[in-house]
Amino acid sequence: MKTKVRSRIKFNNDWYFTRNEIGPIPKNHQKSALIGGYTNNAVDENGSLFLNGSAIEPLLKVMHRPRAASEHEYKDWFAMESIEKGKEGWDKVKLPHDAVIDQSYVKDFKNAMYGFLPQTIGYYRKTFTIPKEDEGKKISIEFDGVGRISDYWVNGCYIGENFSGYSSFQFDITDLLKYGQEGENVILVRIDTTSGNEGWWYEGGGIYRNVWLTKTEKLHVDRWGTYVQTPKIEADKAVIKIETTICNEDFEEAKYTLETLIISPDGNVVGESVVNAINEGMQKNKIVQEIIVDNPELWDIDSPKLYKVVTEIISENKINDDYETVFGIRSIEYTTEGLLLNGKHTPIKGMSVHQDFAGVGVALADRIHEFKIQKLKEAGVNAYRCAHNPPAAELLEACDRLGMLVMNEGRLLEASEIKIKDLEAQVLRDRNHPSVFMWSISNEEFIGGSTLSIRMHKRMKNIVKSLDSTRLITSADIFGSSSGKHIDILDVIGVNYIESDLAQSYVLPNLEAYPENLFISTENVMKATTRGCYEDSVEKCSISCINAVITQMSIAPETAGGAGGTCPPEEAWEFYLKNPRMGGMFVWTGFDYRGEPFPFFWPSVMAQSGTFDLCGLPKDNFYLYQAMWIENKPVVHLLPHWTWPDREGKNILVRAITNCEEIEIILNGKSLGKKSKEDGKYFVDFDVDYMIGELIAIGYNNGIEVSMDVQKTAGAPAGILLTPDRTTINADGEDVTIITIAIVDKDGVVVPNAQNKVTFKIIGDGDLIGTGNGNPMDHDSDKTNFRNAFNGYCIAIIQGTEDGGTLTIEASSEGLITAETEINVSK
């Protein structure tokens with residue numbers, strides 16, 4: 001790169017938020033740029049909006065003014081009279097920001113599906129300057145996600161609205177801005193989550209994803225203006241096809257050179273193409289180039305090699321734009337045998353995931369997206385289903401870097417003009433990500449199978465195909481009840497809960513009748529458990545991790561034939577192994593999530609179907625998926641814990657989750673015998689009379705010890721153990737570390753039933769941005785400086801500042817030894 005022309009900076013700092021209704025604020029006005037109030041800012045204490053010389057000056061000399069007693073305040077006339085005045089009574093916030101998560105839980109059943117947190121209306125306001133030298137450039141503000149209905153004003157002008165909390169959108173504000181000495185700029189955003197939900201889970205609200213300010217020359221690459229394809233991949237070379245859309249936003253014709261470079265994973269230039277072109281004034285031009293890359297390094301799950309396309313537009317010996325696109329060289333095929341990645345059969349070991357997380361709601365820092373993908377990889381997961389909405393861009397970037405396949409799902413089956421616009425934005429934004437292997441255009445629509453549904457499926461499929469011809473399209477159908485009607489409509493027939501008797505009654509006849517058509521499991525299992533709980537309890541809203549009767553959908557389920565969370569994970573996987581045409585499975589869900597608090601409802605505020613709890617702490621089923629899905633890794637995980645003070649001498653069911661051939665149980669040094677694991681099972685059960693001490697499970701293959709796990713009886717809580725997921729974070733004001741807090745006895749053994757209240761103190765330049773514990777009925781705010789442990793654990797999320805240095809995190813609890821840990825914030 002010769003220089004850097006395009007500027008795209010995060011616009012997340014120095015916003016102010018109020019939950020008060022400050023409107024109504026007009027969307028129209030009799031005169032330009034004079035909506036006023038909080039939508040604008042005066043250039044002096046008299047409330048003037050513009051520099052001397054504007055047409056309003058002579059008008060004010062002759063205009064009749066009302067008596068002082070009836071005069072409006074400045075904010076009602078033209079603008080706030082000062083920048084500081086516009087901040088009074090507002091809270092300073094940093095984006096991403098969830099406007100719902102910091103409210104109190106309310107027992108209001110109309111919000112039950114959203115986690116019993118109230119819906120809200122709020123406003124965000126930011127003032128900023130633009131230097132004089134930027135005048136003449138194109139300047140846009142981009143929002144990655146704002147929930148839910150939202151309106152936007154800049155400098156006294158209403159600039160637009162957005163109706164989906166999951167779509168990415170932008171506004172061209174070039175000619176609305178004040179440059180240099182013209183004064184401060186103002187952007188005002190109104191959000192409203194009270195006017196209808198998009199999903200039936202906790203969706204949060206507010207400006208909960210990143211915001212960007214982008215500056216380009218008038219001759220530039222269009223937004224999402226490159227499309228990188230790999231139509232031919234061989235061992236010694238790959239053909240890279242690049243479509244680049246060039247915008248000329250000047251009235252005059254533009255002659256230019258388009259120079260495209262391909263940068264290898266190790267940073268070397270490995271391909272180049274140069275094209276001379278002409279754009280008519282105010283026109284777009286699409287240019288197609290093909291570049292050969294020799295000896296390509298493939299993107300794969302275990303080796304996710306990433307290339308980069310660097311695009312430069314050169315006109316009159318000047319670089320007008322420079323644009324970068326990350327991509328991977330890989331082949332994806334989906335066949336009647338399942339998924340082929342780079343020609344290799346790859347069973348889908350997937351999980352469906354909602355986007356929220358403990359402590360932050362839906363306002364995830366970039367690092368938390370990465371953290372969640374890393375946790376899923378540890379479980380043996382290789383595919384992520386975005387449930388049920390377009391994801392944050394940073395989530396896909398993490399999947400690209402870490403090697404995680406993605407089923408990229410849209411929010412709604414609806415072929416209205418506004419929803420088509422959202423669909424187009426989703427595809428244009430995400431089509432270069434190598435992790436994305438398939439599009440899903442809907443999930444469990446109630447109108448599925450109707451003639452209206454079929455018409456809309458056809459239209460939406462055609463829209464996606466027109467923008468991305470390289471990927472297949474599915475739709476997640478509840479129990480596959482519409483599978484026969486989708487045969488000629490979708491590339492791949494998506495089926496939720498194929499392991500259930502009900503789904504099989506719909507789908508198996510179609511599998512037989514249409515042997516050449518493609519099918520895929522889009523949602524499976526729904527096995528609910530409560531981390532650290534080994535008894536069902538309606539009172540405690542808990543579901544046992546061993547032989548639960550309560551399921552995700554029912555406190556007292558009758559025979560559900562594998563539906564509603566009644567099918568064990570290993571049986572769902574066994575169905576796939578016998579029916580590889582279904583491609584694999586997507587477990588519901590990777591993490592617990594707020595909302596859908598089945599089967600208990602209040603006081604429960606979350607769904608418990610996760611492999612991890614809301615904090616990312618593993619449940620026992622985490623080890624089951626490791627045992628099923630990670631090859632050549634002997635797994636032994638022993639449960640339950642071994643601290644039962646009221647059960648001395650009583651029989652306890654002990655389970656060893658394993659993929660080993662044989663398990664031996666040893667209690668206090670005495671062997672209680674060995675058992676062989678049954679084929680198709682991933683656990684071995686023992687009946688053990690409880691005795692204080694140490695319980696050991698040893699796994700054997702071919703008679704050789706290959707793995708083991710230990711449970712020890714814990715004493716009374718005595719101390720706190722702090723374990724950061726990372727001890728060094730970036731000094732960028734955004735990076736975070738997630739600290740796991742464990743309550744331990746005097747010997748360092750985790751106390752499995754500890755509920756101690758832990759208070760946090762941050763020493764240095766950093767912030768505690770959230771806490772959590774995974775307790776489904778905890779109603780404490782995630783934004784306090786304390787948290788009660790739940791079954792021995794809780795977490796704290798710490799964010800650094802832009803100042804480097806060392807952060808000290810102190811955790812204290814009454815009667816326990818205080819603990820500290822240090823985090824290096826590195827520039």
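1. pLDDT is the predictor's confidence in each residue, from 0 to 100. In this predicted model, the mean pLDDT of the protein chain is 93, and 94% of its residues reach 70 or more. Over residues 66-78, however, the pLDDT is below 50, although this stretch has 20 contacts (heavy atoms within 4.5 Å) in the model beyond near neighbours in sequence.

2. Local features need pLDDT of at least 70 and side-chain atom pairs count only at pLDDT 80 or more, while totals for chains, interfaces and linings use all residues. Residues are numbered from 1 along each chain as its sequence is written, and side-chain values use heavy atoms, with hydrogens and water left out.

3. Helix 3 (residues 366-378) packs against helix 4 (residues 393-402) at an angle of about 45 degrees, the axes being 9 Å apart; helices (H or I, at least four residues) and strands (E, at least two) are DSSP runs, numbered from the N terminus. Axes are lines fitted to C-alpha atoms, for helices over the stretch in contact, and angles run from 0 to 180 degrees between N-to-C directions.

4. From helix 3, D366, H369, E370, I373, Q374 and K377 meet E394, L395, A398, C399, R401 and L402 of helix 4.

5. Three strands form an open sheet in the order 20-21-22 with antiparallel pairing, where two strands pair if DSSP finds at least two bridges between them. Strand 20 (332-335) and strand 22 (344-345) stand at the edges with a single partner strand each, so one side of each is left without a neighbour in the sheet. Strand 20 is joined by four bridges to strand 21 (residues 338-341), and Y334 has L339 in strand 21 as its bridge partner.
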